[in-house]
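Hello,

Please find the structure below. My notes on it come after.

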Amino acid sequence: MVSDLELLNSSEESLKWFQENSIKIREEFANKIIAIKNKEIVASAKNINELLIFLKEKNIDESEVLIEFIVPKNEIVILG
Amino acid sequence: MKIKVFYDKDSKQLRVPVIVKIPHKRISSDFVIDTGSPHTILNYSNSLRLGVPHTEKAELIRLGGRAYQSYLFNRTEIVFKSEDNKEINEIISARILKPSSPKAEEIEMLDRCPNLLGIDFLEKGWKFFCNLEKDEVYFEKID
């Protein structure tokens with residue numbers, strides 16, 4: 001099992017990669033939930049339950065992926 | 001001791017990568033900085049990943065024109081990375097929003113809500129510095 005610090009570094013790299021590629025990702029995965037690991041989208045689904053099933057089927061440890069909901073490019077999120 | 005915050009120019013959100021831990025379980029995730037939120041919110045998806053019990057009722061929280069029952073989880077440990085590559089741990093009483101019905105629309109709405117790092121985090125002795133022009137955004141512990 002990776003250490004907390006290794007997991008944090010991986011999480012930071014995934015977040016940076018997601019931010020750098022978000023325009024392309026928003027076009028391709030609009031309204032989906034995606035899982036990112038090692039700068040790669042390893043699974044996508046319509047909702048969290050479906051995504052967790054896909055990750056389990058692929059033998060990917062769901063605790064080590066960054067999960068993001070993808071807002072379509074013509075939408076913005078304003079938190080209430 | 002500083003924690004770097006990342007500015008997402010596309011979504012115009014400030015995000016910080018973290019590990020969220022409860023006893024016997026941890027997940028990789030990130031929080032959106034929301035100084036408009038009085039409380040730190042752990043989103044529904046992450047509460048499912050962690051297996052957090054939804055038992056202790058807290059406030060009703062309004063989001064997107066709807067009111068959601070929130071549930072309190074007192075032992076949420078959030079692990080941040082400092083700029084000098086060390087772990088920083090904070091224990092927070094996180095609120096979790098739970099759908100009031102199994103309607104797909106409501107679950108979808110909560111799936112879309114990110115984790116929010118609220119004012120209660122700053123109350124733990126952190127100051128928040130934000131200069132977007134110079135890409136200098138961080139939390140720093142008050143001595």
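The notes cover the interface of the chains and then the cavity search.

This is a predicted model, in which local features need pLDDT of at least 70 and side-chain atom pairs count only at pLDDT 80 or more, while totals for chains, interfaces and linings use all residues. Residues are numbered from 1 along each chain as its sequence is written, chains are lettered from A in the order written, and side-chain values use heavy atoms, without hydrogens or water.

Interface

In chain A, 34 residues are in contact with 34 residues of chain B (heavy atoms within 4.5 Å). The two chains bury about 3000 Å² between them, 53% of it on carbon and sulfur atoms (accessible area lost on being put together, 1.4 Å probe, summed over both). Asp4(A), Leu8(A) and Leu79(A) supply 20% of the area that chain A buries there, more than any other three residues.

Eight salt bridges cross the interface (a side-chain nitrogen of Lys or Arg within 4 Å of a carboxyl oxygen of Asp or Glu). One of them joins Arg49(B) to Glu62(A), with the closest N and O atoms 3.1 Å apart.

Cavity

The search of the whole structure finds one cavity of 30 Å³ or more (points on a 1 Å grid where a 1.4 Å probe fits but cannot get out; the volume is the space filled by probe spheres set on the points). Residues lining the largest cavity (an atom within 4 Å of a point) include Ile33(B), Leu117(B) and Phe139(B).

Regards

Note on methods:
On a 1 Å grid over the protein atoms alone, a cavity is a set of points where a 1.4 Å probe fits but cannot get out, and a pocket is an open set with protein on both sides within 12 Å along at least five of seven lines; lining residues have an atom within 4 Å of a point.
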